[in-house]
Amino acid sequence: MLSLLSSLLSLLFVFLISCCIITNHFSFRPLSLLKLLGVIKFTASRDDDDHYKRDEGTYVVGEEELQRELMPRHVAVIMDGNRRWAKREGLLTSQGHEAGAKRLIEFSELCFKLGIHTVSAFAFSTENWGRHKIEVKCLMSLIQHYLKSKIQYFQREETRVSIIGNLTKIPESLRQTIHEIEEATKGYKKKHLILAIDYSGRLDILRACKSIVHKSETGLIREEDVDEAMIERELLTNCTEFSSPDLLIRTSGEQRISNFFLWQLAYTELFFSPVHWPDFDKGKLVEALVSYQRRERRFGCRV
Amino acid sequence: MDLNQSMRLLSSWIAQIGGLGLDLLWRFIHLVVSLWYIVSGIIEAVESYAISLGLNKKYSSINIEKLRCLAVVVDIEEARDVSKVIELLQWLRTIGVKQVGLFDSQGLLKKSKDMILGTVPGSVLSEEIGEKNSSPDQNPLALEFISSSDNKEAVMKAANILLQDYLKSSRPENDKGENFFTETHLNEALRVVGENVHAPDLLLVYGPIRSHLGFPAWRLRYTEIVHMGSLNYMRYGSLLKAIHKFTGVHQNYGT
């Protein structure tokens, strides 16, 4: 019996030693024991605030390591799949959108805690006006409700909120709420949440051209002064220091940009997740960030 | 050695053995994850070869009519190997794709245009389609060569054209250009600059980064984007699978 046990232990030992050799061959960098114990402690914790920490310039979230210096400065998200999620869960479409709104608050909160400066979300596109009137009305009410109820939250979190898009067609009450929240949070600089409402990438470019025309008429610029940088400065994303997103996340498995930030996404890392937006939780965000941090971006140049 | 020292020594040994055990366990987990990815890669490769050999009936017939225009983005490092690009184009022609836009940020493929057109049978420049019957082939492969200069720089030039036209036109004083700066006008201005404004239905990205690397933004509004990995490891089966998947996509266009 003893000899059998010792044989089994020896075999296990040999197997584990070979695992060491093979993982070294694959250039895997296992966490040290101390970090492993830290991970076990953090994943066992139920408090959200303990699920990540700074540890010599890294965040440990779950079992993944995120490097602070490789964190994107601007993350954009196309929040797709609320209706399909609601249908799958046996809920109303409005409940799907509500779950999506809650998810956005959680998502942006986590992004800011991980050191990301700007989060922009495609809340309502110009094409969405073609949806059923009741759904559109519900969406506008939902946006207004969330913005109004979260003013104090954003002030407490020192988060600047900006809303970009063609705001002429939205209800007057929503426009007032937008003005209110933008005024209340305009002084904050460390975190920036941008909501794109009635936004179209093509119309953004056209609007920039029109703006340049007006400036030209007033003599502020000459025709030959129009260049890429000038157009970029006139886009609606000029409200943020980091107008070009480093990472774009789109949920629900659709692999397209759908007229969002066309100009700004030239060198953006695109991450298409198969899950619906209300299901895009912390783990999925970490997956996107890990994928981003592993890429080697050259911005079109040879390094 | 007294009892305390013995206990300390024993606990030290236990801690070291425990630490070693945990370390080995952690490496084992890494091994399992590595094996999982290896197995997934093997399965994908086998599936790809099965598709290439026509063993998978699902991919034997593709509704290629849905794919009117395909664009291919190639990372600049990989664009240096034109032979791979030529092979890809030959595959696309075999599948039945009729129009392909080739993009790399530095314009390397533009410089190799003549070689590509001379090597890929039945290929012609997309500008020449319809103007003259340059290809005896009944189903030519129309190629378009695009680089970063066709992106923002082109929009900038088109914006300048619109600005000049607007300033020269006679218009009412309160006219803010609402009827002058529309998508249609910018499309026209881009055509004047010499740009193609047709939006590709599908964009295949070959390179290490999952980004369209500066492909003309104006054209990408509803384009499906698929990252195919490195051009050096491209497989016919993966290409066929990506195109087949596209033909099954349904777009709501926001409504």
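This is a predicted model: local features need pLDDT of at least 70, side-chain atom pairs count only at pLDDT 80 or more; totals for chains, interfaces and linings use all residues.
Local features need pLDDT of at least 70 and side-chain atom pairs count only at pLDDT 80 or more, while totals for chains, interfaces and linings use all residues. Residues are numbered from 1 along each chain as its sequence is written, chains are lettered from A and ligands numbered from 1 in the order in which they are written, and side-chain values use heavy atoms, with hydrogens and water left out.

**The sheet of chain B**

- Six strands of chain B form an open sheet with parallel pairing, in the order β3-β4-β2-β1-β5-β6.
- Its edge strands, each pairing on one side only, are β3 (123-125) and β6 of chain B.
- On average, neighbouring strands of this sheet are turned by 25° against each other, direction ignored.
- Helices (H or I, at least four residues) and strands (E, at least two) are DSSP runs numbered from the N terminus, and two strands pair if DSSP finds at least two bridges between them.
- The parallel strands β5(B) and β6(B) are joined by five bridges.
- L203(B) stands opposite I225(B) of β6(B), and L204(B) has V226(B) of β6(B) as its bridge partner.
- Because five of its six residues are buried, β6(B) is largely enclosed by the rest of the structure.
- Buried means under 20% relative accessible area, exposed over 50%, and partly exposed in between (1.4 Å probe, protein chains only).

**Helices on the sheet of chain B**

- Helix α3 (residues 82-95) of chain B lies across β1 (70-74), β2 (99-103), β4 (141-146) and β5 of chain B, and runs at about 160° to β2(B).
- α8(B) packs on the sheet and touches β5 and β6 of chain B, its direction making about 150° with that of β5(B).
- For these angles, axes are lines fitted to C-alpha atoms, for helices over the stretch in contact, and angles run from 0 to 180 degrees between N-to-C directions.
- F246(B) is part of helix α8 (residues 236-247) of chain B and is buried, with 8% relative accessibility.
- Apart from neighbours within four places in sequence, F246(B) is in contact (heavy atoms within 4.5 Å) with K66(B), L67(B), D201(B), L202(B) and E224(B).
- C-alpha to C-alpha, F246(B) and I95(B) are 14 Å apart in space, and they are 151 residues apart in sequence.

**Strands of chain A**

- Seven of the eight residues of β5(A) are buried, which leaves this strand mostly covered.
- Strand β4 (residues 74-78) of chain A runs parallel to β5(A) and is joined to it by five bridges; A76(A) stands opposite S120(A) of β5(A).
- β5(A) also pairs with β7(A) in the parallel sense, over seven bridges, and S125(A) has Y199(A) of β7(A) as its bridge partner.
- S162(A) is in strand β6 (residues 159-164) of chain A and is buried at 5% relative accessibility.
- Neighbours within four places in sequence aside, the contacts of S162(A) include E182(A), H192(A) and C239(A).

**Residues with positive phi**

- Most residues other than glycine have a negative phi.
- N259(A), not a glycine, has a positive phi of about 70°.
- N259(A) is in the loop between β8 (247-250) and β9 (269-272) of chain A and is buried, with a relative accessible area of 0%.
- L213(B), also other than glycine, has a positive phi near 55°.
- L213(B) is in the loop between β5 (202-206) and β6 (224-229) of chain B, and counts as buried at 9% relative accessibility.

**Pocket and cavities**

- On a 1 Å grid over the protein atoms alone, a cavity is a set of points where a 1.4 Å probe fits but cannot get out, and a pocket is an open set with protein on both sides within 12 Å along at least five of seven lines; lining residues have an atom within 4 Å of a point.
- Grid points are joined across faces, edges and corners, and a volume is the space filled by probe spheres set on the points.
- The second largest pocket has a volume of about 870 Å³.
- Of the 41 residues lining this pocket, the closest to its centre are M79(A), F122(A), A123(A), N128(A) and R131(A).
- The structure holds four cavities of 30 Å³ or more, and the largest cavity has a volume of about 80 Å³.
- Residues lining the largest cavity include D150(B), L190(B), P216(B) and W218(B).
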